[in-house]
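Visitor: Could you walk me through this structure with a few questions and answers?
Guide: Gladly, let's look at it together.

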Amino acid sequence: MPLHVPPSAGARASANASEEAQTAAAHATHRARRRRELAVILPVLGAFLLVSPVIKVFAAPVALGGIPLIVLYIFGVWAFVIIATAALTRRNLHQASDR
Amino acid sequence: MSGNLLIAASVLYVALLFLVAFLADKRAAAGHARWLRSPLIYTLSISVYCTGWTFYGAVGSAARSGLEFLAIYTGPTLVFVGWWLLLRRLVRVGREQRITSIADLISSRYGKSPVIAVMVTLIAVTAATPYIALQLQSLTLSFEVLARGEGGAPQPEVTAFWIAAGLALFTILFGTRNVDANERHHGVVTAIAVEAVVKLAALVAVGIFAVWWLADGPADVFARTPPGLIDAAENFDARWAAITFLSAAAVICLPRMFQVIVVENADERHLQTAAWAFPLYLFLISLFVLPIAVMGLSVLPDGANPDLFVLSLPLSQGQDALALLAFLGGFSSATSMVIVAAIALSTMVSNHVVMPLWIATAQPQNTSAGDVRAVLIASRRSSIVGILVLGYLYFRLTGGSDALAAIGLIAFAGVAQILPALLAGLFWPGATRLGALAGVSAGFAVWAYTLFLPSFGGGLLLSAATLADGPWGIAALRPQALFGLSGYDPLLHTLFWSMSANAGLLVLGSMMSRQNPLERVQAAIFSDPAGLPGGAGGAVIRRSATSVDLYTLAERILGRPAARSLFAEMTRAQKLGDRLPEPDDAMIARLERALAGAIGAASAHAMVNQVASGETVSMDALISIADETAQIVEYSHRLEAKSRELGETAEELRRANQRLQQLGDQKDAFLSQVSHELRTPMTSIRSFSEILREDRGLDPDQARRFIAIIHEESQRLTRLLDEILDLSFLESGKFDLPLEEVELETAIDQALAASEALIARAGMQVLRQRPREGLVVRAQRDRLAQVLINLLSNAVKYAAEGERIEIVTGVETGQAWVEIRDHGPGIPAQHRLQIFEKFERVPGRADVRGAGLGLPISREIMRRLGGNLELVEGSEGGAVFRIALALVQPSGAGLQTAAPQPGTV
């Protein structure tokens, strides 16, 4: 004789829904944390690309489409960090607890 | 282009700015400041970073050293992209603590120290001097270039003078109209935002003109680049990193940048927009710098000043309208910088230099209301004039000949000296005031000695000879080759020595000194701004302030309406109805923050404390409080110990009392039992003797029988009294029974001899099991025999007639034992515990009569002999009593040595 009584369909559905909500909340927290981490990584990456000797690699007499490589590189990195920051701050980084 | 036209255009432009600023102020006052306080305006106001240096100097720098100019913008870009790390914290602390300037921030963090505020103000003013001179120089040069050929251009000194005067006037009119409670300037910020748009538009217009009008697009521009100008790898050596660092430091530490980023910030979230929008602004404004420089080099004749390419390029092509736009762009860049810098610096000077002096000298009690505001405004106005005069003097002294970028970097290196104290203040709670003061002063001194003073080229303090050979000819102290470190770029040289001294002394000083309590509180707030919303500020103890005094103070500084609404709000917060608020700690802290918005934290703290005539918690006060506390704690420990002792004593007394009560109860019970026991024989004696006395005709036999009964009863009485006496004698315990060595068998023999008649009368047999060797115990023979007799007579009484009694002797764990076993009915389980109580008798044969004292007496005797008497479980039914005694000689050896005991049998 089976002792286990299967939960009713309604109970199962509500359990699923709350599980989904929990997973969604966990994902949101995770994403918020990931965004804050990126907000720290981004300036470090920018400093690495623009201030470290890496920049010397691109300071060569090479031109792409008539524009010197070094100019393309610096303005390219610059544009990249601006766009990345804009994308990061599109959502409020303070939202999911910033302590 | 005529000088008059330029002046007219400038005046018109300034008038437009006036209008913008005026309208913005008006709207803000009317409460319609929402769009004035948008992230866009905030970002545009931050672009006050881009000054005449950017507008003119960047092109000059690009023409001279290629891409080096970009480092001035990559530094701030990295700081803003990393806003989450530093700026967010800075803005939050600034808003929570109502910070009015960078000097205020540093002084607040290090215990609201006035000394450090003065030091930072000094650095800021000194470093701003070349920077303001730079703006004057760029404006003067632009006038000169545009008015050239018309013959109407006045002397550069005259032009610079009038520019300086005009800027001072504008700044005074808009920067010091009121002493705002939160030190925000809506009108000025809006005007600055308009100027930001103008300068960007102008530079981009000139850029587009250069790239697509003068040249055939970007490829053509770069084809005209002199070889090695932009792709030289040595452009990105240490100097590149140093300038990036300096510009990053400057965007935080420059007083005007601090003013627009932190002080004028209306909403922390605006920073999120500025984080990408400000770098974007920098990106756009630098985009065309290189093409303009390249086209200037290629089109203009040799010897043209590269710093003025932005103007001379359109002029050379006859584009006067574009040149005018470019002029206005440059004018915007320079004026916005001077205005904001003058406002920020005048706030610092008046709050941190003038106010403390005024507080120290004037007696606030004797001055009429409004004096403080008048002093504040007057000091700010004169500071603005003073700062512009200094800039003008620098311009005159250096001759206005240097490249713009070189002058700007001197200023950057100066304000960068504030950075270590700022970062340590935000991220290192252990940094102390002494460390910060030592670091900042040392860095400032090294900067002034190795970079600032040499920039006069021997014109100020340091002579040309000192520059070349060091003071008094000491080569190791040459300003530009300190300790023989020569061959470096002067900027790198200064940066290395000043930052080493600065950071080194900051750490050393912090390690060697201690924070005072206020400093510790502030350090905690600054390290975790979100953790302590509002901040505790300086606690005032032993306060005697009245609300009226505090209100008077607030009215003087904030003005009547602001003070009234502030106090009304505080009253509401305390829920007091319509009275003045109670001057509690929270209220005073709040008032102090409100005043700090107008006159800086250190001054507000000093003023509130003076009025509150309380004392800030000093280290000494804290120590003495701590001492008192320690004493109290120790005293309470002692009290606790004492009360614990008392508790134990009381508990002992309680137990003793209980015991006494028990004993009393026992005594009562004993007495009642004794009287009961005595009563029965006495009654029968009395009744028989009455019969004998009154009945004369009694049968002689019967009379004899009665007399026998009387005799028997009196004997019982005697026995009973003997036993009671014996028991009380034993129980009193006042003396010891003298112990001797007794042979156990002898004592048994004695007991058997005494009980022989009794046993024989009952027709019983005694089975005796002797040990193989004699046992000697410590006892008293007569008493031991008494116990044995008692046990034997008990056995006779309770066992059935004709049964046998066994006496068994043995040894167990150093004790000799004797068991008296009978084969009677035994002791019922429910009586086993009671048989050793006095007067308890086990129901037995009807003819058995005893006082019920035998067993208690026997047990008492055994205990006094150091042994025991107990009832043990018998194997065959019947009662088994066992006595145990300490054995002297466990083996037969004792028999030979011990003297033979005389037997009684």
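Visitor: Which residues of α30(B) are buried, and which elements do they pack against?
Guide: This is a predicted model, so please read every value as computed from it. In α30(B), the buried residues are L744(B), T746(B), A747(B), I748(B), Q750(B), A751(B) and S755(B). The elements of chain B that they pack against are α31 (781–798) and the strands β3 (740–743), β5 (776–779), β6 (804–812) and β7 (815–821).

Visitor: Where is the kink in α30(B) centred?
Guide: Helix α30 of chain B covers residues 744–762, and its 19 residues reach 25 Å from first C-alpha to last, close to the 27 Å expected. Even so, the helix has a kink of about 55°. One of the buried residues of α30(B) marks the spot, for the kink is centred on S755(B).

Visitor: Is I252(B) buried or exposed?
Guide: I252(B) sits in helix α11 (residues 238–253) of chain B. Leaving out residues up to four places away in sequence, I252(B) touches V79(B), M257(B), L419(B) and L422(B). The C-alpha of I102(B), 150 residues away along the chain, is separated from that of I252(B) by 8.9 Å. The cut-off for burial is 20 or more other C-beta atoms within 10 Å; I252(B) has 23, so it is buried.

Visitor: How many residues on the side of chain A that touches chain B are nonpolar?
Guide: Chain A has three helices and two strands, in the order α-α-β-β-α from the N terminus. The contact takes 32 residues from chain A and 30 residues from chain B. On the chain A side, α1 (9–51), α2 (54–58), β2 (67–68) and α3 (69–88) each give two or more residues. Six residues of that side are polar and three are charged, while the nonpolar ones number 23.

Definitions and conventions:
Residues numbered from 1 in each chain as written. Chains lettered and ligands numbered in written order. Predicted model: local features only at pLDDT ≥ 70, side-chain atom pairs only at ≥ 80, totals over all residues. Helix = DSSP H or I, 4+ residues; strand = E, 2+ residues; numbered from the N terminus. Contact = placed C-beta atoms within 7 Å. Nonpolar A, V, L, I, M, F, W, Y, C, P; charged D, E, K, R; others polar. Expected span 1.5 Å × (residues − 1). Bend = angle between axes of the 7 residues up to and from the residue. Buried ≥ 20, exposed ≤ 12 C-beta atoms within 10 Å, placed from the backbone.
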